[in-house]
4 protein chains.
Amino acid sequence: MNRKLRMGMIGGGKDAFIGAIHRIAANMDGLIELKAGALSINPDIAKASGDMLFLDPSRIYLDFKTMITAEAARPAEERLDFITIVTPNFAHFEPAMMALDNGFNVVIEKPITFSLEEAKLLDAKVKETGLTLLLTHTYTGYPMVKQARQMVAAGTFGKIRKVWVEYPQGWLSKLSEREGNAGAAWRTDPKKSGKSGCMGDIGTHAFNLAEYISGLQVEKLCADLNILVEGRMLDDDGAVLLKFNNGAAGVLQASQVAAGEENALKIRIYGELGGLEWAQQEPNTLLVKWLDKPTEIYRAGNGGAHLSSYETHNARTPGGHPEGYLEAFGNLYRNFALTLGAKISNTQAPKEAADFPTTTEGIRGMAFIDNVVRSSQSDVKWTPFEV
Amino acid sequence: MNRKLRMGMIGGGKDAFIGAIHRIAANMDGLIELKAGALSINPDIAKASGDMLFLDPSRIYLDFKTMITAEAARPAEERLDFITIVTPNFAHFEPAMMALDNGFNVVIEKPITFSLEEAKLLDAKVKETGLTLLLTHTYTGYPMVKQARQMVAAGTFGKIRKVWVEYPQGWLSKLSEREGNAGAAWRTDPKKSGKSGCMGDIGTHAFNLAEYISGLQVEKLCADLNILVEGRMLDDDGAVLLKFNNGAAGVLQASQVAAGEENALKIRIYGELGGLEWAQQEPNTLLVKWLDKPTEIYRAGNGGAHLSSYETHNARTPGGHPEGYLEAFGNLYRNFALTLGAKISNTQAPKEAADFPTTTEGIRGMAFIDNVVRSSQSDVKWTPFEV
Amino acid sequence: MNRKLRMGMIGGGKDAFIGAIHRIAANMDGLIELKAGALSINPDIAKASGDMLFLDPSRIYLDFKTMITAEAARPAEERLDFITIVTPNFAHFEPAMMALDNGFNVVIEKPITFSLEEAKLLDAKVKETGLTLLLTHTYTGYPMVKQARQMVAAGTFGKIRKVWVEYPQGWLSKLSEREGNAGAAWRTDPKKSGKSGCMGDIGTHAFNLAEYISGLQVEKLCADLNILVEGRMLDDDGAVLLKFNNGAAGVLQASQVAAGEENALKIRIYGELGGLEWAQQEPNTLLVKWLDKPTEIYRAGNGGAHLSSYETHNARTPGGHPEGYLEAFGNLYRNFALTLGAKISNTQAPKEAADFPTTTEGIRGMAFIDNVVRSSQSDVKWTPFEV
Amino acid sequence: MNRKLRMGMIGGGKDAFIGAIHRIAANMDGLIELKAGALSINPDIAKASGDMLFLDPSRIYLDFKTMITAEAARPAEERLDFITIVTPNFAHFEPAMMALDNGFNVVIEKPITFSLEEAKLLDAKVKETGLTLLLTHTYTGYPMVKQARQMVAAGTFGKIRKVWVEYPQGWLSKLSEREGNAGAAWRTDPKKSGKSGCMGDIGTHAFNLAEYISGLQVEKLCADLNILVEGRMLDDDGAVLLKFNNGAAGVLQASQVAAGEENALKIRIYGELGGLEWAQQEPNTLLVKWLDKPTEIYRAGNGGAHLSSYETHNARTPGGHPEGYLEAFGNLYRNFALTLGAKISNTQAPKEAADFPTTTEGIRGMAFIDNVVRSSQSDVKWTPFEV
């Protein structure tokens with residue numbers, strides 16, 4: 001590419017958390033510029049947000065349909081390359097389908113859609129159009145998560161036997177949805193969030209991480225979903241026993257009422273020869289454990305021969321200069337941009353750039369929600385994982 | 001008391017791990033002296049072990065029955081005060097019953113017996129004789145575990161909603177029982193260990209800790225026990241979903257094939273207002289978490305007003321002088337000795353000394369094994385916790 | 001501002017570490033766009049770097065003088081707002097002076113100049129021109145460093161008694177400057193780096209952090225500089241005893257031969273009532289210690305009432321979403337951009353934006369180098385800190 | 001030996017901290033029994049303490065001279081094997097000399113004596129009598145400290161270049177000696193404690209640890225001792241620049257006014273190839289750092305081939321069962337007892353048992369205090385380390 005990619009954004013007005021995150025992630029590496037937005041369904045917020053972001057007034061839109069139509073009509077040299085969708089869950093599908101139908105590549109916040117059915121339709125549309133879609137499962141963007149996946153894939157630990165993944169948060173310990181917390185309100189509202197609260201919001205991240213690093217797929221599960229704060233409409237806590245397709249056992253735990261916890265996603269995987277441990281709150285460290293020798297502390301950016309090219313590709317700074325959540329998010333955008341840029345300019349992106357989540361992960365995630373909810377409602381212990 | 005208590009020991013010869021631990025724990029505070037032993041069923045080891053421990057040759061026995069009979073016949077001023085039983089699980093019940101029948105107080109390594117039925121009989125015998133029995137659930141002897149229990153009991157965290165307890169070890173990652181590891185051999189042999197391997201050996205510790213700190217009781221559970229090393233006869237891994245009697249949800253995880261882990265028992269408990277986290281491998285720290293203010297690092301021996309008298313009673317050194325597993329074990333013995341000494345000398349022990357595990361905890365632990373195994377074999381999700 | 005600020009860059013071609021860091025930091029928040037560059041003294045690298053960064057070919061320059069002259073001649077609506085200088089130390093002063101003389105604001109990598117004299121001249125020029133200069137002492141950009149400074153300033157810990165700051169790195173453990181490491185080569189060359197190696201490169205960061213958080217100034221010092229790798233031309237290790245202007249004692253340690261260390265900058269400050277501890281490699285945590293109550297774990301982005309507005313202003317994400325070195329660096333640029341933007345648009349920036357390092361800190365840093373080197377060569381214990 | 005060693009104790013009544021610690025350490029391994037004591041200069045406390053410890057009333061003494069004389073007159077089969085001295089610093093020398101003169105081996109709390117001269121006389125007496133003396137520099141009893149020393153001695157890290165040792169405590173942040181704290185009172189009183197407060201009390205531990213692990217000796221130093229709490233009579237804080245006999249540089253820091261710190265002794269040593277880090281508050285972990293591969297976490301009791309026989313000899317439990325301060329202290333007693341027992345019974349102790357501190361370390365420690373105080377009072381930067 002000899003130019004930055006042009007991004008439009010649906011949702012993400014100045015009152016929204018995740019939109020700002022997407023913009024930082026997209027800005028970081030100088031490969032992308034925000035050119036248009038339908039940033040809010042509130043016209044005043046939409047305009048104010050566009051101004052705040054220095055958008056050309058003619059490209060500040062009040063609704064996504066107008067934006068997609070208008071942008072599709074622009075000449076190639078100024079037309080958007082892709083559209084990022086950061087609305088609440090229930091409002092992902094329609095703009096994503098319309099964007100694809102109008103020739104725009106898509107970035108979409110997770111969970112991919114409101115239902116599994118929508119996810120499948122979206123996947124079919126991506127395949128039909130040949131366009132590129134990035135699903136922002138942020139945590140797979142961390143260098144040490146890449147490292148972990150590559151080590152497991154290389155057989156470093158032998159056959160994987162056990163996967164433990166946990167995701168405690170505490171921010172829903174009170175009935176915040178009734179106290180004016182907008183983020184809490186839609187996340188706990190089944191009409192906006194979907195069948196599941198905690199499992200949909202963060203359980204899907206944990207599930208995605210477990211399958212991504214282990215390279216395995218869940219085959220059956222046994223779920224216990226709980227509403228631990230009285231008056232809440234969706235699960236705010238849960239645990240799931242897992243069986244993987246190679247016979248490994250697993251446990252997935254997620255809670256949004258673990259009072260005092262911030263965002264403590266953590267995964268441990270054990271094989272015949274050793275294991276690994278990674279915690280999102282100290283993301284530059286990967287503990288590598290061995291049966292017969294000392295645990296090793298792998299560090300991001302360290303540059304040693306023990307690090308995979310996937311780790312190196314996704315680290316911007318030398319060891320000891322901590323990278324964090326925004327860089328992990330930025331890696332998703334960077335890999336998406338490198339892939340898309342190469343496609344547009346008919347060049348070759350490095351193989352490491354192709355490793356980002358898309359509809360495949362989106363379908364698995366939506367199926368996870370479905371299966372977990374079904375299991376939770378069942379008296380039978382094991383529920384097969386159906387897609 | 002104006003003298004040390006006199007201890008006898010059954011099992012724990014010089015080739016055994018846990019016997020040596022019991023002796024250090026008993027020695028530590030100068031309240032107890034080892035006076036007699038039937039230390040091994042191998043006569044040579046029994047004798048050599050007795051010599052190594054400087055026992056009077058006349059009090060080195062070759063079998064426990066002889067010891068109990070002979071010691072019971074000794075005059076009061078030299079008769080044993082209590083007998084410690086550190087044989088494998090299957091050989092706990094008979095000597096314990098005989099000791100009680102002969103008027104000896106008892107210390108017994110966990111799990112208390114081979115079966116729930118035996119545990120109930122033993123409990124009845126303790127009540128009938130009025131003697132004192134200590135069950136060495138070591139982990140409840142740590143000062144910060146005491147502190148945690150007291151904080152929960154005081155309502156510090158409001159109603160408890162969630163209990164997560166985990167116990168990963170890696171030492172059975174290979175089929176060590178076939179490679180000459182004696183400890184592995186009996187622990188994985190259903191004839192010597194009982195119905196369960198991992199859950200019996202370490203799951204019971206996790207269960208005991210969860211009920212001890214939370215002050216709650218499990219009402220139903222859903223267990224998944226696994227044999228992850230081919231050729232093994234008993235579970236070496238498992239996870240259990242829990243429901244407590246106040247409605248709290250819980251998860252208990254234990255594994256002996258978590259390659260690279262040592263003895264990583266850890267518990268987290270969350271209530272409406274905050275939570276706590278304690279890890280056995282850094283036992284002098286208790287993390288106290290809050291909804292609306294910074295996490296606090298409680299430290300053992302620190303002496304601050306925030307620490308319970310139960311913590312202080314069980315700490316020997318000022319903050320920053322780490323105490324460990326042996327001191328926790330020693331606290332069990334010390335509290336048992338203070339209680340027993342007061343009984344013998346007709347004085348009053350401090351109330352904190354009464355807090356040590358006995359047959360009540362033993363019955364809960366054996367029931368846990370029974371219920372977990374039953375649940376594991378069932379296709380129904382929830383199994384009521386029966387005692 | 002209703003537009004992004006326009007940045008030019010001197011140095012920082014595609015083979016340079018710190019230039020890329022500056023660009024990410026400048027890009028991150030969407031307030032700045034790179035518009036011109038004299039990116040290398042090697043014309044091929046200068047061109048290739050400009051192309052890689054999608055610069056307009058007419059604004060890719062082969063030397064800084066041409067760039068400054070040409071950009072100064074551009075019309076206001078496209079003229080650069082500021083110029084970032086990321087050349088080696090010896091090449092900071094001349095472009096900085098010329099930029100200021102031509103009306104450009106300046107961002108400059110530390111140490112500010114090659115000598116204290118230059119630093120004073122630059123400071124005078126900044127004052128004379130009324131322009132804004134940012135000196136990128138990155139570590140003061142971290143939210144928890146801001147928090148620490150505000151707590152000390154508020155008297156939270158009473159009078160400060162002790163300051164311990166340390167900065168171990170291991171990357172110069174070998175004679176890398178003779179093995180083709182370009183970064184090592186100029187940093188260990190007195191002609192390019194200045195009077196001091198380790199103390200100039202990282203000791204100045206430690207010194208700046210100590211004075212920034214404590215709010216104190218060093219009054220005298222006793223330095224021991226060492227060359228621990230044979231054949232090196234400048235110090236690669238050192239320690240400095242400090243006395244501050246309020247009577248507090250301090251120790252500053254820095255080493256680039258601490259084999260196995262990455263970038264382990266850490267500071268501890270103690271007052272009458274408590275203290276604090278911050279480590280750059282886990283930058284989102286600030287330990288707050290008290291005489292009579294438990295240590296508290298302050299966390300960045302946590303949003304609690306205990307956090308200063310300076311912390312909040314400099315955090316982009318909620319607690320548990322780790323921010324790192326690039327965000328800290330980005331905070332310097334963001335605060336500089338907010339300040340400069342407000343000046344240009346005649347509006348008011350938030351007070352927190354004014355808190356970024358400039359020539360004042362640059363002069364202190366250069367004086368630190370001078371005084372440390374002087375002390376190191378002296379047989380007298382204490383050397384007064386002269387500026 | 002076919003019996004326990006018989007110990008007497010001078011000082012250490014029931015109101016004293018360190019006496020109780022010595023007794024636990026001596027009891028722990030069942031090799032030693034307390035048989036006599038002159039436990040306090042207060043007769044009531046002496047008697048009550050003896051009773052509390054179940055001493056034979058005939059062996060509870062009211063002053064040390066009577067005890068030594070009386071015990072020396074007892075028949076060999078009941079005579080004490082050694083005498084432990086746990087009085088304040090100024091009262092070490094006289095009883096130690098008298099004990100040796102009467103044929104008793106000696107255990108002595110550090111610092112060994114009140115002055116360097118006394119230390120030399122005591123050393124001469126030990127050599128003259130051929131008796132055995134243990135100086136309880138506790139921290140060298142930790143398994144991972146043994147491991148560290150052995151690794152350095154084996155050349156694992158190449159030539160040692162840098163030694164950083166620090167010992168922050170906070171317990172003297174207030175003028176506690178005027179508020180009824182007896183331990184604070186004598187430690188800050190030059191008549192009872194000696195020339196130095198903080199450096200004598202804890203600086204000597206840090207110094208001992210640095211020389212023990214590095215295998216090096218300090219050749220010159222530059223000290224800054226401070227009284228940071230107004231009204232105190234002896235230093236409560238200090239830092240010392242060090243030069244070792246192989247050219248390595250070092251820094252020793254100690255403070256008793258680091259508010260909020262407990263007992264945070266920590267050492268880091270770096271050589272050409274790597275380094276190590278050990279912190280007393282997490283004593284079962286030794287971080288082993290490398291130039292070109294990941295940091296390794298060595299763990300006590302782990303049993304791996306990477307662990308030295310000195311580590312294994314000094315660990316009682318398998319990995320993950322934390323041992324602490326009392327076990328480290330117990331190792332001093334155990335090694336002393338094994339050595340003394342072998343001498344008495346004319347057998348051979350394992351070579352690892354010979355590794356305990358004695359008058360050699362005592363002399364170095366007293367010289368450290370002398371040299372540090374002399375340097376602190378000097379305007380010349382470097383003071384040669386004289387013994």
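Mentor: Let's begin with how the elements are named: helices (H or I, at least four residues) and strands (E, at least two) are DSSP runs, numbered from the N terminus. What you see is a predicted model, in which local features need pLDDT of at least 70 and side-chain atom pairs count only at pLDDT 80 or more, while totals for chains, interfaces and linings use all residues. Residues are numbered from 1 along each chain as its sequence is written, chains are lettered from A and ligands numbered from 1 in the order in which they are written, and side-chain values use heavy atoms, with hydrogens and water left out.

Now to the rings. A pair of aromatic rings is described by the distance of the centres and the angle of the planes. Rings of Phe, Tyr and Trp (its six-membered ring) pair if their centres lie within 6.5 Å; planes under 30 degrees apart count as stacked, over 60 as edge-to-face and the rest as tilted. Over all chains, this rule gives 52 aromatic pairs. One of them joins Trp164(B) and Tyr270(B) edge-to-face, with 6.2 Å between the centres and 85 degrees between the planes. This pair links distant parts of the chain, since Trp164(B) belongs to strand β6 (residues 160-168) of chain B and Tyr270(B) to strand β10 (residues 266-271) of chain B, 106 residues apart. For burial, the cut-offs are under 20% relative accessible area for buried, over 50% for exposed, and partly exposed in between (1.4 Å probe, protein chains only). Trp164(B) is buried at 2%, and Tyr270(B) is buried at 1%.

Tyr325(D) and Phe329(D) are about one helical turn apart because they lie four residues from each other in helix α11 (residues 325-345) of chain D. Both are buried: Tyr325(D) has a relative accessible area of 4% and Phe329(D) one of 0%.

Chain A has an aromatic cluster whose members include Phe82(A), Tyr139(A), Tyr325(A), Phe329(A) and Phe356(A).

Rings can also meet charges. A charge sits over a ring if NZ of Lys or CZ of Arg is within 6 Å of the ring centre and within 35 degrees of the ring normal. In chain C, Arg149(C) lies over the face of Tyr212(C), 4.5 Å from the ring centre. Likewise, Lys293(C) places its charged end over the ring of Trp290(C), 4.6 Å from the centre.

Helix α9 (residues 198-214) of chain C holds Ala206(C), which is buried at 0% relative accessibility. Contact means heavy atoms within 4.5 Å. Apart from neighbours within four places in sequence, Ala206(C) touches Val165(C), Tyr167(C), Leu252(C) and Leu265(C). Its C-alpha atom is 9.8 Å from that of Gly365(C), 159 residues away along the chain.

Back in chain A, look at the sheet. Two strands pair if DSSP finds at least two bridges between them. Five strands make an open sheet in the order β2-β1-β3-β4-β5 (chain A), with parallel pairing. At its edges stand β2 (32-38) and β5 (133-135) of chain A; each has a single partner strand, so one side of each is left without a neighbour in the sheet. Strand β1 (residues 5-10) of chain A pairs with strand β3 (residues 82-85) of chain A over four bridges, in the parallel sense. Here Ile10(A) is opposite Ile85(A) in β3(A). For angles, axes are lines fitted to C-alpha atoms, for helices over the stretch in contact, and angles run from 0 to 180 degrees between N-to-C directions. Helix α1 (residues 17-27) of chain A lies across β1, β2, β3 and β4 (105-108) of chain A, at about 175 degrees to β1(A).

Finally, Lys243(B) in strand β8 (residues 237-244) of chain B is buried, with a relative accessible area of 14%. Leaving aside neighbours within four places in sequence, its contacts include Asp224(A) and Asn226(A), along with Glu219(B) and Trp382(B).
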